[in-house]
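Hello,

Here is the structure we talked about handing over. Please open it and keep it beside you as you read.

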Amino acid sequence: MKNKKITPENATRAGLHPRSKHHGRYNIDALVQALPELKHKITLNPRGEQTVDFSDPEAVLTLNKALLAHHYNVQFWDIPKGYLCPPIPGRADYVHRLADLLDTEDNTINVLDIGTGASCIYPIIGATDYQWHFTASDVDPVSIKVATQIAKLNPHLSKKIVPRLQKNPTNIFKGIIKEGEYYHLTLCNPPFHKSLKEAEQGTKRKADNLAKNRVKRGSEATDKKGQTIKPSSQGLNFGGQKAELWCPGGEEAFIKNMAQESALFKQQVGWFSTLVSKKENITPIKTLLSKLGVNDVKVIEMSQGQKISRFIAWRY
Ligand code: SAH
(Lines give C-alpha, C1' and ligand atoms only; values in the text may rest on other atoms or scores of the structure.)
Protein backbone atom coordinates (compact mmCIF):
# COMPACT_ATOMS: atom_id res chain seq x y z
CA MET A 1 0.00 0.00 0.00
CA LYS A 2 2.80 2.37 0.98
CA ASN A 3 4.38 2.26 -2.45
CA LYS A 4 1.18 2.98 -4.31
CA LYS A 5 1.39 6.18 -6.36
CA ILE A 6 -1.20 8.53 -4.97
CA THR A 7 -2.42 11.60 -6.77
CA PRO A 8 -4.99 14.09 -5.45
CA GLU A 9 -7.57 12.65 -7.77
CA ASN A 10 -7.14 8.94 -7.12
CA ALA A 11 -6.20 9.29 -3.45
CA THR A 12 -9.65 8.32 -2.22
CA ARG A 13 -10.79 6.35 -5.18
CA ALA A 14 -8.51 3.38 -5.74
CA GLY A 15 -10.15 0.06 -4.86
CA LEU A 16 -13.73 1.18 -5.34
CA HIS A 17 -16.58 -1.26 -5.93
CA PRO A 18 -16.93 -2.40 -9.57
CA ARG A 19 -20.35 -0.73 -9.83
CA SER A 20 -19.06 2.58 -8.46
CA LYS A 21 -19.64 5.59 -10.68
CA HIS A 22 -16.48 7.19 -9.31
CA HIS A 23 -13.63 5.23 -10.87
CA GLY A 24 -10.79 7.20 -12.38
CA ARG A 25 -10.29 10.92 -12.41
CA TYR A 26 -13.21 13.27 -12.02
CA ASN A 27 -14.59 14.23 -15.43
CA ILE A 28 -14.42 17.95 -14.76
CA ASP A 29 -16.01 18.94 -18.08
CA ALA A 30 -19.03 16.73 -17.46
CA LEU A 31 -19.29 18.00 -13.88
CA VAL A 32 -19.15 21.65 -14.99
CA GLN A 33 -21.83 20.89 -17.54
CA ALA A 34 -24.01 19.40 -14.78
CA LEU A 35 -23.34 22.37 -12.49
CA PRO A 36 -21.94 25.47 -14.27
CA GLU A 37 -21.06 27.23 -10.98
CA LEU A 38 -18.34 24.60 -10.47
CA LYS A 39 -16.20 26.33 -13.10
CA HIS A 40 -15.41 29.10 -10.60
CA LYS A 41 -13.81 26.51 -8.29
CA ILE A 42 -11.61 24.78 -10.83
CA THR A 43 -7.87 25.10 -10.37
CA LEU A 44 -4.91 23.41 -12.01
CA ASN A 45 -2.74 20.89 -10.20
CA PRO A 46 1.06 20.90 -10.60
CA ARG A 47 0.69 18.67 -13.67
CA GLY A 48 -1.60 21.26 -15.28
CA GLU A 49 -4.73 19.09 -14.88
CA GLN A 50 -8.06 20.53 -13.83
CA THR A 51 -9.02 19.87 -10.23
CA VAL A 52 -10.56 21.63 -7.24
CA ASP A 53 -8.84 22.89 -4.10
CA PHE A 54 -9.74 20.18 -1.58
CA SER A 55 -8.70 22.40 1.32
CA ASP A 56 -11.43 24.92 0.43
CA PRO A 57 -14.76 23.81 1.97
CA GLU A 58 -16.74 25.91 -0.53
CA ALA A 59 -15.00 24.20 -3.44
CA VAL A 60 -15.64 20.76 -1.95
CA LEU A 61 -19.30 21.59 -1.36
CA THR A 62 -19.66 22.75 -4.96
CA LEU A 63 -17.88 19.62 -6.22
CA ASN A 64 -20.35 17.51 -4.22
CA LYS A 65 -23.29 19.38 -5.74
CA ALA A 66 -21.87 18.72 -9.19
CA LEU A 67 -21.24 15.02 -8.48
CA LEU A 68 -24.78 14.64 -7.16
CA ALA A 69 -26.24 16.45 -10.17
CA HIS A 70 -24.17 14.53 -12.70
CA HIS A 71 -24.29 11.00 -11.27
CA TYR A 72 -27.44 11.00 -9.15
CA ASN A 73 -29.72 13.42 -10.95
CA VAL A 74 -29.97 15.57 -7.82
CA GLN A 75 -30.82 19.13 -8.84
CA PHE A 76 -31.35 20.45 -5.34
CA TRP A 77 -28.85 19.73 -2.60
CA ASP A 78 -27.39 21.97 0.05
CA ILE A 79 -26.31 21.61 3.66
CA PRO A 80 -26.08 24.21 6.41
CA LYS A 81 -22.66 25.56 7.38
CA GLY A 82 -20.76 23.32 9.77
CA TYR A 83 -22.53 20.09 8.77
CA LEU A 84 -20.72 17.08 7.36
CA CYS A 85 -20.00 17.35 3.67
CA PRO A 86 -19.66 13.67 2.78
CA PRO A 87 -17.09 12.35 0.32
CA ILE A 88 -19.45 10.66 -2.11
CA PRO A 89 -17.31 7.85 -3.60
CA GLY A 90 -16.73 6.26 -0.17
CA ARG A 91 -20.38 6.58 0.82
CA ALA A 92 -21.44 4.98 -2.47
CA ASP A 93 -19.15 2.02 -1.82
CA TYR A 94 -20.97 1.09 1.40
CA VAL A 95 -24.25 1.16 -0.54
CA HIS A 96 -22.90 -1.06 -3.35
CA ARG A 97 -21.47 -3.57 -0.91
CA LEU A 98 -24.76 -3.71 0.96
CA ALA A 99 -26.51 -4.37 -2.34
CA ASP A 100 -24.21 -7.40 -2.71
CA LEU A 101 -25.58 -8.80 0.57
CA LEU A 102 -29.19 -8.77 -0.58
CA ASP A 103 -30.58 -12.12 -1.60
CA THR A 104 -34.26 -11.49 -2.14
CA GLU A 105 -36.74 -11.58 -4.97
CA ASP A 106 -38.75 -8.73 -3.43
CA ASN A 107 -39.46 -5.89 -5.85
CA THR A 108 -39.47 -3.19 -3.24
CA ILE A 109 -36.43 -3.00 -1.00
CA ASN A 110 -36.86 -1.06 2.23
CA VAL A 111 -33.79 0.38 3.88
CA LEU A 112 -33.32 2.24 7.14
CA ASP A 113 -30.48 4.78 7.39
CA ILE A 114 -29.65 5.55 11.04
CA GLY A 115 -28.21 9.08 11.38
CA THR A 116 -28.75 10.28 7.84
CA GLY A 117 -27.28 13.74 8.50
CA ALA A 118 -28.29 16.92 6.69
CA SER A 119 -26.78 15.55 3.48
CA CYS A 120 -29.12 12.54 3.33
CA ILE A 121 -26.30 10.98 1.38
CA TYR A 122 -26.99 7.24 1.70
CA PRO A 123 -30.68 7.51 0.79
CA ILE A 124 -29.80 9.66 -2.25
CA ILE A 125 -27.35 7.04 -3.52
CA GLY A 126 -29.49 3.99 -2.69
CA ALA A 127 -32.72 5.46 -4.07
CA THR A 128 -31.05 6.57 -7.29
CA ASP A 129 -28.80 3.59 -8.02
CA TYR A 130 -31.04 0.79 -6.70
CA GLN A 131 -34.53 2.28 -6.44
CA TRP A 132 -34.51 1.40 -2.73
CA HIS A 133 -37.07 2.99 -0.42
CA PHE A 134 -35.60 4.68 2.64
CA THR A 135 -36.58 5.69 6.09
CA ALA A 136 -33.88 8.12 7.25
CA SER A 137 -33.54 8.84 10.97
CA ASP A 138 -31.60 11.46 12.86
CA VAL A 139 -31.63 12.98 16.34
CA ASP A 140 -30.85 16.39 14.92
CA PRO A 141 -33.98 18.32 13.89
CA VAL A 142 -32.03 20.52 11.46
CA SER A 143 -30.70 17.45 9.65
CA ILE A 144 -34.21 16.03 9.39
CA LYS A 145 -35.53 19.32 8.07
CA VAL A 146 -32.80 19.62 5.44
CA ALA A 147 -33.08 15.94 4.43
CA THR A 148 -36.84 16.40 4.05
CA GLN A 149 -36.26 19.37 1.75
CA ILE A 150 -33.76 17.43 -0.35
CA ALA A 151 -36.23 14.56 -0.75
CA LYS A 152 -39.13 16.87 -1.50
CA LEU A 153 -37.38 19.02 -4.09
CA ASN A 154 -35.91 16.19 -6.16
CA PRO A 155 -38.75 14.39 -7.97
CA HIS A 156 -37.03 11.00 -8.25
CA LEU A 157 -36.41 10.98 -4.48
CA SER A 158 -39.64 12.41 -3.14
CA LYS A 159 -41.53 9.11 -2.98
CA LYS A 160 -38.52 7.07 -1.93
CA ILE A 161 -37.14 8.89 1.13
CA VAL A 162 -39.00 9.44 4.39
CA PRO A 163 -36.97 11.23 7.09
CA ARG A 164 -37.97 10.55 10.71
CA LEU A 165 -36.79 12.39 13.80
CA GLN A 166 -35.39 10.18 16.56
CA LYS A 167 -36.63 11.97 19.66
CA ASN A 168 -34.62 9.95 22.15
CA PRO A 169 -30.85 10.07 21.54
CA THR A 170 -30.32 6.85 23.51
CA ASN A 171 -32.52 4.94 21.06
CA ILE A 172 -31.54 3.60 17.66
CA PHE A 173 -34.42 1.57 16.20
CA LYS A 174 -36.95 2.17 18.98
CA GLY A 175 -39.35 4.93 18.02
CA ILE A 176 -38.28 4.68 14.36
CA ILE A 177 -39.25 1.16 13.20
CA LYS A 178 -43.01 1.05 13.38
CA GLU A 179 -45.25 -1.94 13.89
CA GLY A 180 -45.78 -3.92 10.72
CA GLU A 181 -42.75 -2.43 8.92
CA TYR A 182 -40.05 -4.61 7.39
CA TYR A 183 -36.56 -3.44 6.39
CA HIS A 184 -34.35 -5.57 4.17
CA LEU A 185 -31.32 -3.58 5.35
CA THR A 186 -30.31 -1.06 7.97
CA LEU A 187 -27.17 1.03 7.62
CA CYS A 188 -25.36 3.61 9.71
CA ASN A 189 -22.34 5.87 9.77
CA PRO A 190 -22.20 6.36 13.55
CA PRO A 191 -20.82 9.23 15.62
CA PHE A 192 -17.48 7.90 16.81
CA HIS A 193 -15.85 10.20 19.35
CA LYS A 194 -16.54 10.06 23.11
CA SER A 195 -16.85 13.80 23.63
CA LEU A 196 -16.85 17.08 21.76
CA LYS A 197 -13.36 17.70 23.15
CA GLU A 198 -12.07 14.38 21.82
CA ALA A 199 -13.72 15.11 18.48
CA GLU A 200 -11.98 18.47 18.26
CA GLN A 201 -8.62 17.06 19.36
CA GLY A 202 -8.94 14.09 17.03
CA THR A 203 -9.73 16.32 14.11
CA LYS A 204 -6.90 18.71 14.92
CA ARG A 205 -4.38 15.88 15.28
CA LYS A 206 -5.59 14.29 12.07
CA ALA A 207 -5.58 17.61 10.27
CA ASP A 208 -2.02 18.37 11.41
CA ASN A 209 -0.85 14.98 10.13
CA LEU A 210 -2.80 15.25 6.93
CA ALA A 211 -1.66 18.78 6.32
CA LYS A 212 1.93 17.54 6.64
CA ASN A 213 1.26 14.59 4.33
CA ARG A 214 -0.66 16.82 2.02
CA VAL A 215 2.38 18.93 1.44
CA LYS A 216 4.39 15.76 0.84
CA ARG A 217 2.03 14.05 -1.56
CA GLY A 218 -0.40 16.74 -2.66
CA SER A 219 -3.45 14.88 -1.36
CA GLU A 220 -6.63 16.25 0.17
CA ALA A 221 -6.92 16.50 3.96
CA THR A 222 -9.88 14.69 5.43
CA ASP A 223 -10.86 13.66 8.94
CA LYS A 224 -12.06 10.17 9.92
CA LYS A 225 -15.48 10.86 8.52
CA GLY A 226 -13.76 11.89 5.32
CA GLN A 227 -14.75 15.46 5.93
CA THR A 228 -12.43 17.90 4.29
CA ILE A 229 -10.36 19.94 6.72
CA LYS A 230 -8.77 23.26 6.08
CA PRO A 231 -5.09 22.89 6.99
CA SER A 232 -5.26 26.15 8.90
CA SER A 233 -7.72 26.74 11.79
CA GLN A 234 -8.43 23.00 12.11
CA GLY A 235 -11.08 22.04 14.61
CA LEU A 236 -12.43 25.57 14.88
CA ASN A 237 -15.39 25.13 12.59
CA PHE A 238 -17.08 22.59 14.85
CA GLY A 239 -19.87 24.94 15.92
CA GLY A 240 -22.95 23.25 14.57
CA GLN A 241 -21.86 19.64 14.52
CA LYS A 242 -22.10 18.36 18.08
CA ALA A 243 -24.00 15.05 17.79
CA GLU A 244 -22.57 14.34 14.38
CA LEU A 245 -19.12 13.39 15.56
CA TRP A 246 -19.56 12.27 19.13
CA CYS A 247 -21.87 10.48 21.54
CA PRO A 248 -21.35 9.28 25.12
CA GLY A 249 -19.10 6.20 25.01
CA GLY A 250 -18.12 6.87 21.41
CA GLU A 251 -18.60 4.52 18.50
CA GLU A 252 -18.27 1.34 20.56
CA ALA A 253 -21.13 2.30 22.91
CA PHE A 254 -23.29 3.47 20.01
CA ILE A 255 -22.86 0.23 18.07
CA LYS A 256 -23.28 -1.98 21.15
CA ASN A 257 -26.54 -0.18 21.84
CA MET A 258 -27.51 -0.80 18.23
CA ALA A 259 -26.66 -4.49 18.56
CA GLN A 260 -28.72 -4.82 21.76
CA GLU A 261 -31.70 -3.11 20.17
CA SER A 262 -31.37 -5.17 17.01
CA ALA A 263 -32.48 -8.22 19.02
CA LEU A 264 -35.81 -6.49 19.62
CA PHE A 265 -36.36 -5.98 15.90
CA LYS A 266 -35.00 -9.23 14.49
CA GLN A 267 -38.36 -10.13 12.94
CA GLN A 268 -38.54 -6.78 11.17
CA VAL A 269 -35.08 -6.53 9.65
CA GLY A 270 -33.04 -8.67 7.24
CA TRP A 271 -29.45 -7.40 7.52
CA PHE A 272 -28.41 -4.91 10.18
CA SER A 273 -25.18 -3.05 9.43
CA THR A 274 -22.97 -0.18 10.52
CA LEU A 275 -19.61 1.32 9.62
CA VAL A 276 -16.95 0.70 12.27
CA SER A 277 -14.24 3.32 12.11
CA LYS A 278 -12.00 1.84 14.82
CA LYS A 279 -10.78 -1.62 13.88
CA GLU A 280 -10.30 -2.59 17.52
CA ASN A 281 -14.05 -2.24 18.10
CA ILE A 282 -14.84 -5.20 15.83
CA THR A 283 -13.97 -7.93 18.35
CA PRO A 284 -16.09 -6.61 21.25
CA ILE A 285 -19.01 -6.02 18.88
CA LYS A 286 -18.71 -9.57 17.51
CA THR A 287 -18.61 -10.96 21.05
CA LEU A 288 -21.78 -9.11 21.95
CA LEU A 289 -23.55 -10.23 18.76
CA SER A 290 -22.67 -13.82 19.49
CA LYS A 291 -24.08 -13.45 23.04
CA LEU A 292 -27.25 -12.10 21.47
CA GLY A 293 -27.55 -15.28 19.42
CA VAL A 294 -26.48 -13.87 16.05
CA ASN A 295 -24.67 -16.47 13.99
CA ASP A 296 -24.42 -14.74 10.63
CA VAL A 297 -21.90 -11.88 10.90
CA LYS A 298 -19.82 -10.37 8.14
CA VAL A 299 -17.06 -7.77 8.34
CA ILE A 300 -16.56 -6.15 4.98
CA GLU A 301 -13.48 -4.06 4.30
CA MET A 302 -13.55 -1.23 1.82
CA SER A 303 -10.50 0.48 0.44
CA GLN A 304 -10.31 3.96 -0.96
CA GLY A 305 -6.68 4.31 -1.77
CA GLN A 306 -4.71 4.60 1.45
CA LYS A 307 -7.86 4.68 3.56
CA ILE A 308 -9.31 1.38 4.74
CA SER A 309 -12.79 1.42 6.19
CA ARG A 310 -15.13 -1.38 7.09
CA PHE A 311 -18.68 -2.20 8.03
CA ILE A 312 -20.11 -5.02 10.08
CA ALA A 313 -23.36 -6.67 9.03
CA TRP A 314 -25.40 -9.25 10.93
CA ARG A 315 -28.67 -11.09 10.63
CA TYR A 316 -30.61 -13.32 12.98
N1 SAH B 1 -24.98 9.68 7.36
C2 SAH B 1 -24.27 10.95 7.29
C3 SAH B 1 -24.04 11.55 8.69
C4 SAH B 1 -23.23 10.69 9.62
S5 SAH B 1 -22.79 11.52 11.12
C6 SAH B 1 -22.96 10.74 6.58
O7 SAH B 1 -22.55 9.59 6.43
O8 SAH B 1 -22.32 11.71 6.19
C9 SAH B 1 -23.75 10.66 12.34
C10 SAH B 1 -25.20 11.12 12.41
O11 SAH B 1 -25.87 10.36 13.42
C12 SAH B 1 -25.38 12.58 12.81
O13 SAH B 1 -26.18 13.23 11.87
C14 SAH B 1 -26.07 12.51 14.18
O15 SAH B 1 -26.95 13.60 14.42
C16 SAH B 1 -26.80 11.20 14.08
N17 SAH B 1 -27.18 10.51 15.33
C18 SAH B 1 -26.55 10.52 16.52
N19 SAH B 1 -27.21 9.73 17.39
C20 SAH B 1 -28.28 9.20 16.74
C21 SAH B 1 -29.36 8.31 17.09
N22 SAH B 1 -29.47 7.79 18.33
N23 SAH B 1 -30.29 8.00 16.14
C24 SAH B 1 -30.19 8.54 14.89
N25 SAH B 1 -29.20 9.39 14.52
C26 SAH B 1 -28.27 9.71 15.41
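At what angle do helix α3 and helix α4 cross, and how close do their axes come? A caution before the reply: this is a predicted model.

**Helices α3 and α4**

Helix α3 covers residues 88-101, and helix α4 covers residues 121-130. Their axes come within 10 Å and cross at roughly 55°. The crossing of the two is right-handed. On the α3 side, the contact is made by Ile88, Arg91, Ala92, Tyr94, Val95, His96 and Ala99. On the α4 side, look for Ile121, Tyr122, Ile125, Gly126, Asp129 and Tyr130. Sorted by class, this contact has 9 nonpolar, 2 polar and 2 charged residues.

**The ligand**

Arg91 turns up again here. There are 21 residues around the ligand. Those that come nearest are Arg91, Gly115, Asp138, Asn171 and Asn189.

- Arginine 91: an N or O atom of its side chain is 2.8 Å from an oxygen atom of the ligand.
- Threonine 116: a polar backbone atom is 3.3 Å from a nitrogen atom of the ligand.
- Aspartate 138: an N or O atom of its side chain is 2.6 Å from an oxygen atom of the ligand.

**Helices α8 and α9**

Now move along the chain. Helix α8 (residues 250-264) packs with helix α9 (residues 282-291) at an angle of about 15°. Their axes are 10 Å apart. That angle makes α8 roughly parallel to α9. This crossing is right-handed. From α8, Glu252, Ile255, Lys256, Ala259 and Gln260 take part. They meet Pro284, Ile285, Leu288 and Leu289 in α9. By class, the contact has 6 nonpolar, 1 polar and 2 charged residues.

Best wishes

Methods. Residues are numbered from 1 along each chain as its sequence is written. This is a predicted model: local features need pLDDT of at least 70, side-chain atom pairs count only at pLDDT 80 or more; totals for chains, interfaces and linings use all residues. Side-chain values use heavy atoms; hydrogens and water are left out. Axes are lines fitted to C-alpha atoms, for helices over the stretch in contact, and angles run from 0 to 180 degrees between N-to-C directions. Helices (H or I, at least four residues) and strands (E, at least two) are DSSP runs, numbered from the N terminus. Angles under 35 degrees count as roughly parallel, over 145 as roughly antiparallel, 65 to 115 as roughly perpendicular and the rest as oblique. A crossing is left-handed if the near helix is turned anticlockwise from the far one by less than a right angle, and right-handed if clockwise. Contact means heavy atoms within 4.5 Å. Ala, Val, Leu, Ile, Met, Phe, Trp, Tyr, Cys and Pro count as nonpolar, Asp, Glu, Lys and Arg as charged, and the others, Gly among them, as polar. A residue is near a molecule or strand if one of its heavy atoms lies within 4 Å of it. A polar contact is a pair of N or O atoms within 3.5 Å; within protein, one must be able to donate a hydrogen and the other to accept it, and residues adjacent in sequence count only if both atoms are side-chain atoms.
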